[in-house]
4 protein chains.
Amino acid sequence: MIRIGVVGYGYWGPNIARAASELENAQVGAIADLSAPALDRAGRRHPSASLVQDWRDLVADTAIDAVIVATPVETHFDIAMAALKAGKHVLVEKPMAETPAKAAALVDEAARRQKILMVDHTFVYTPAIQAIRGMIDAGDIGDIYYYDSTRINLGLFQRDVNVIWDLAVHDFAIMDHLLDSKAAAISATAAAFLPNSPENMAHLTVYHENGALSHLNVNWMSPVKIRQTLIGGSRRMVIYDDMQTSEKVKVYDRGASMEDAYERRVNYRLGDMWAPALSSKEALLTEMQEFVRCIETGARPLTDGEGGLRVVKLLDAASRSTRLRGQPIELFALREAS
Amino acid sequence: MIRIGVVGYGYWGPNIARAASELENAQVGAIADLSAPALDRAGRRHPSASLVQDWRDLVADTAIDAVIVATPVETHFDIAMAALKAGKHVLVEKPMAETPAKAAALVDEAARRQKILMVDHTFVYTPAIQAIRGMIDAGDIGDIYYYDSTRINLGLFQRDVNVIWDLAVHDFAIMDHLLDSKAAAISATAAAFLPNSPENMAHLTVYHENGALSHLNVNWMSPVKIRQTLIGGSRRMVIYDDMQTSEKVKVYDRGASMEDAYERRVNYRLGDMWAPALSSKEALLTEMQEFVRCIETGARPLTDGEGGLRVVKLLDAASRSTRLRGQPIELFALREAS
Amino acid sequence: MIRIGVVGYGYWGPNIARAASELENAQVGAIADLSAPALDRAGRRHPSASLVQDWRDLVADTAIDAVIVATPVETHFDIAMAALKAGKHVLVEKPMAETPAKAAALVDEAARRQKILMVDHTFVYTPAIQAIRGMIDAGDIGDIYYYDSTRINLGLFQRDVNVIWDLAVHDFAIMDHLLDSKAAAISATAAAFLPNSPENMAHLTVYHENGALSHLNVNWMSPVKIRQTLIGGSRRMVIYDDMQTSEKVKVYDRGASMEDAYERRVNYRLGDMWAPALSSKEALLTEMQEFVRCIETGARPLTDGEGGLRVVKLLDAASRSTRLRGQPIELFALREAS
Amino acid sequence: MIRIGVVGYGYWGPNIARAASELENAQVGAIADLSAPALDRAGRRHPSASLVQDWRDLVADTAIDAVIVATPVETHFDIAMAALKAGKHVLVEKPMAETPAKAAALVDEAARRQKILMVDHTFVYTPAIQAIRGMIDAGDIGDIYYYDSTRINLGLFQRDVNVIWDLAVHDFAIMDHLLDSKAAAISATAAAFLPNSPENMAHLTVYHENGALSHLNVNWMSPVKIRQTLIGGSRRMVIYDDMQTSEKVKVYDRGASMEDAYERRVNYRLGDMWAPALSSKEALLTEMQEFVRCIETGARPLTDGEGGLRVVKLLDAASRSTRLRGQPIELFALREAS
């Protein structure tokens, strides 16, 4: 029985603790949060967990095998590093850290101590993304030409994190899982429309080493909520629309091309479309099972620290490109240096 | 009665000739096309028009007052310049020319000869865009923060024109009409997925002088056809979805903001939504009426040569930025130099 | 402080108990359920409530002021009648009873004892229906010509209740609230496609006394989930689409009519459309507040026993018409007789 | 070369004549219309056709082999009967006649003279309906449980034809083609909301001999245009949405059923969905080819006079049921008697 400690019981922590409590071979052994009301709520839902205000007490608790870090991003490094040094396995909420250097240091520490370091890239564990990954593995999609995502809505203007770190992080995590070709360069543009607010709208293009192109459109100030990703392949094309209650994933054959002699151009038509039935299993539960499986077997998590580091590098490079009005940032050097 | 000559009776020319033939104070006096079958079709539908294969004969026809150029873009300059020099008023299909220098030369020639030079930016004459322009003029939208357009579909891979010149040209024309702040710089990224084809997917960000941001997503290889533009303003937000048969334009109030103390962020909600009934008048007819009105009164067309030139400059700068992986191209110098 | 007893802690009871627990001037004093695991769950969420297996013990509890009946429909009458006779106020889940006679007996008993008798017609308390009722009261819709609802999905084939009692009951409750003209007759058709199952598809037409027409399409075997109601009025038309996350209610002006002389017919066009922002308040909480308000003030609930009786009469008449292949059932006699 | 005469050049006649003119082995030999301007238009588009105002002249023209009747419904019988008696093959616009007796007389006359009698049930020739028919033939759908169609919009209030004869006729024609089990009885309800107008809203249920159920919702006064048909089968379910530009036909697997022990009910889930690519061939051209093929080979048309008669019987019975508030009309006797 693996005993899990959860640090942070604010917005996301309760979901993680609830999912962890549903595991067969693990239990929530401790919960830490600075807020007394948050600890009260935690105690009512997890009566057998010990409750502490200072996360250092949780990390020092020898009865705890693994620590889940669900705190604001600027605290991830200190908590995760301390937990690793205390010999715990660690799962960190995304983004893994606020700089590539800190993320790389966590990866190194985990490797040195042979502990599991996993990042909470939840979308990777959704039935939709898993179905798409399965199609790619089966060769149904062919070579991937592009990944084009729109992730916009009206809502939260965060103060300490811009829209790239808030929303694009999801797509970077999905791309890291789906696209086998690594990112070579990134060009990003952004704008902040409200005073004293970070950027609330951004557009990012990622150049992949094999010529594929990814593009992300993220915006906190859209009148409609859109969560739509197009994936274009040499054999088929995919639409992943997370706002649909059914038919979240649609796969399109490309019909025979027709030559239009008069206008000197090639014309493509759509072929059949297919929408696979998706599992209704909760992504967070799948993710927690992966964490426990890796702790038990020493396997490398699907969303390991290396992947978390790659995502942080993309976030960091994107932010730098926005300040240069889209000037491309090469990613190769970064990869080598870290 | 203004006598109009139409050069080019291929894909778009028949539509223009048909619209011109519906005008009360104008008639189609001549049609030129290299193709004999095309001239045959033209003759059956416009029995009173003279038919010529060489456009030079049409331009030399003293009975013709105005020339509409509906030929491939690389021929626009020669035909339009000859027509202006022959003292005709000219309407050129978009894009106006394949280089800013040629477009500027046409503008200068028209000014020197005091002839109408108009560009066929058809979308500007649609009821949807006219309704949006009306709301902006009435102050309903407030300051425009962003224009974000998705114009993608599966279909024509043209050989001589890339997706920017084929699709983004529509948005540049609409932006030129709706956004009062001029473009200051552009960053564009693109990719070509098929051999021997020009770029078929591109993303363009335009920085406006007042801080507004425009973004265009154009793609010939999308499994779905999307024609959707979001316009974010300080007072209201607009969605213009040209694929809808009704409710093409929706206007959203922004609801009261709510402070979320726990998460330190500002939260916006949507207010009421309103979709104005739109006229069903054909854009092309409105455009032809504008052409004739300007010829008769000497007024400046809504889509004049200057606007056509600005659009060509944007197309040209976008293409250059794509070759530099998104490096921003400043537009100010271009404006001064031309 | 009003002390509420909840009978039935299966599918719907927990929601009702949770909503009741959020009231300021009421509390959940007792919960009854035959199932020991259900009582366990109830105890964890409502630690201060007394827990009993036999509802008779709850009804006999003198500390309880009001009883909410959330049990299978065939038990509603016995429990509600006993509670009324014990001097409790009563809220009954819909449908109020399985026969008009039993529903009428409950109405009579409540009147005799001057107790509140309310029916859980939850949809009446949704922000969408309350917004529509507000528009009707303001005269925005004009005379209502028709109410046309589609309520279909794939899913539950219940064994003891057919699709009319399961789904059409919602529309009857909404119609009872929105349409001022009473039902005069009903014609209903239905079919059962699976062996040993009740009818899973039905179509019902209600003739109103003033000439308005209501129609309901209910189906447990549709590949898509639809929850869409059209309301046609002499001034405006409304679409209420409960599957939309935003814009659940849209109101359409009717444009000017055009006479089509050639085809001898009148042509209508759509005018502007308007979608009001809706409150996000939970319907169940509004309903519980109404229950408590009526207990405290003696006011008549928005969804009182009389309304519950009218709905049961419609359900009963609809079922009879289906057995006669749509032969109309007059409702006037029923109203008088009961 | 078959020479076709077209009677009626108003709304639909020009489309039929244009389609007929595209046939390889037929030509438009004559056109009749009372209106001189209509004949003018006809002459410009069909310069080799003879033009007459009186249809009797066209029917008497010995150079004409086949007559297409595209006139108001009340004139169908006289023209079609005269054409048959003159030895012509006949294609009649839908509905075939305004009474079952007249329709039956045409069927008898055609049989007696061994001429082709075909009815213009255009939808039967659409790629969507042909694809659905193909799936049914292949056994993909299984036994058909129901056909449920919504055909509503805002628009034409015709003066001489009610909404059943205007819109439901399309569904009756489609049902006659897709459903192998004949109609046994019909129950229909309707209302007229405008003075001096025929019924503009109706709901029709058709009982089939094998227990299947069809339902039609037709309305001229809906704020939205809907053209959606659900077909429920024992193996799969189909949605046919004619308003979609792509994915008009979707086929759904039914997932494994789940038993919900607590609530005593059976639960179905959706399985995979599949949308076949459809041909873009025009239905009217396919229909004209069928007419000519049958004339040349003596084959029975897909939409023959018998089918036209069955549709008229349904229209007639539906109208009678509406006057009895939905009382069911048995169709068996009608079938025998005619």
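Predicted model: local features only at pLDDT ≥ 70, side-chain atom pairs only at ≥ 80, totals over all residues.
**Between chain A and chain D**

Next, show the residues where the two chains touch. Chain A gives eleven residues to the contact, and chain D gives eleven residues. The size of an interface is often given as the accessible area lost when the parts come together. Here chain A and chain D bury about 940 Å² between them, and 44% of it is on carbon and sulfur atoms.

Now count the polar links. Ten residue pairs are in polar contact between chain A and chain D, and there are two salt bridges between these chains. For a salt bridge across the contact, select Glu247(D) and Lys250(A), whose side chains meet with N and O 3.3 Å apart. Then colour strand S14 (249–254) and strand S17 (270–275) of chain A, each of which supplies at least two residues of the side that touches chain D. S17(A) gives the most to this side, with six residues.

**Salt bridges within the chains**

Side chains of opposite charge can pair when their charged atoms come close. Over all chains, a search of the whole structure finds 65 salt bridges.

Go to chain C and select Arg18(C) and Glu282(C), which form a salt bridge at 2.9 Å, N to O. Arg18(C) is in helix H1 (residues 13–21), while Glu282(C) is in the loop between strand S17 (270–275) and helix H8 (283–297), so the pair ties together parts of chain C that are 264 residues apart in sequence. Are these two residues buried, partly exposed or exposed? Arg18(C) is partly exposed at 31% relative accessibility, and Glu282(C) is partly exposed at 32%.

Stay in chain C and select Asp316(C) and Arg320(C). The closest N and O atoms of this salt bridge are 3.5 Å apart. Both residues lie in helix H9 (residues 305–323) of chain C, four residues apart, which is about one turn of the helix. Asp316(C) has 21% relative accessibility and counts as partly exposed; Arg320(C), at 29%, is also partly exposed.

Move to chain D and select Asp180(D) and Arg133(D), which meet in a salt bridge of 3.3 Å, N to O. This pair links distant parts of the chain, 47 residues apart: Asp180(D) is in the loop between helix H7 (163–178) and strand S9 (183–191), and Arg133(D) is in helix H6 (residues 127–137). Asp180(D) is exposed, with a relative accessible area of 58%, whereas Arg133(D) counts as buried at 15%.

Return to chain A and select Arg18(A), Glu22(A) and Glu282(A). Salt bridges with shared partners join these residues into one network.

**An annotated stretch**

Last, select residues 129–233 of chain A. An unreviewed UniProt entry annotates this stretch as "domain: GFO/IDH/MocA-like oxidoreductase". Within residues 129–233 the chain is 24% helix and 49% strand, and the end C-alpha atoms are 16 Å apart.

Terms used
Residues numbered from 1 in each chain as written. Chains lettered and ligands numbered in written order. Heavy atoms only, no water. Salt bridge = Lys/Arg side-chain N within 4 Å of Asp/Glu carboxyl O. Buried < 20%, exposed > 50% of the residue type's maximum accessible area, 1.4 Å probe, protein only. UniProt positions renumbered as here; feature names shortened; annotations may be inferred. Contact = heavy atoms within 4.5 Å. Buried area = accessible area lost by both parts, 1.4 Å probe. Polar contact = N/O pair within 3.5 Å; in protein donor to acceptor, adjacent residues only side chain to side chain.
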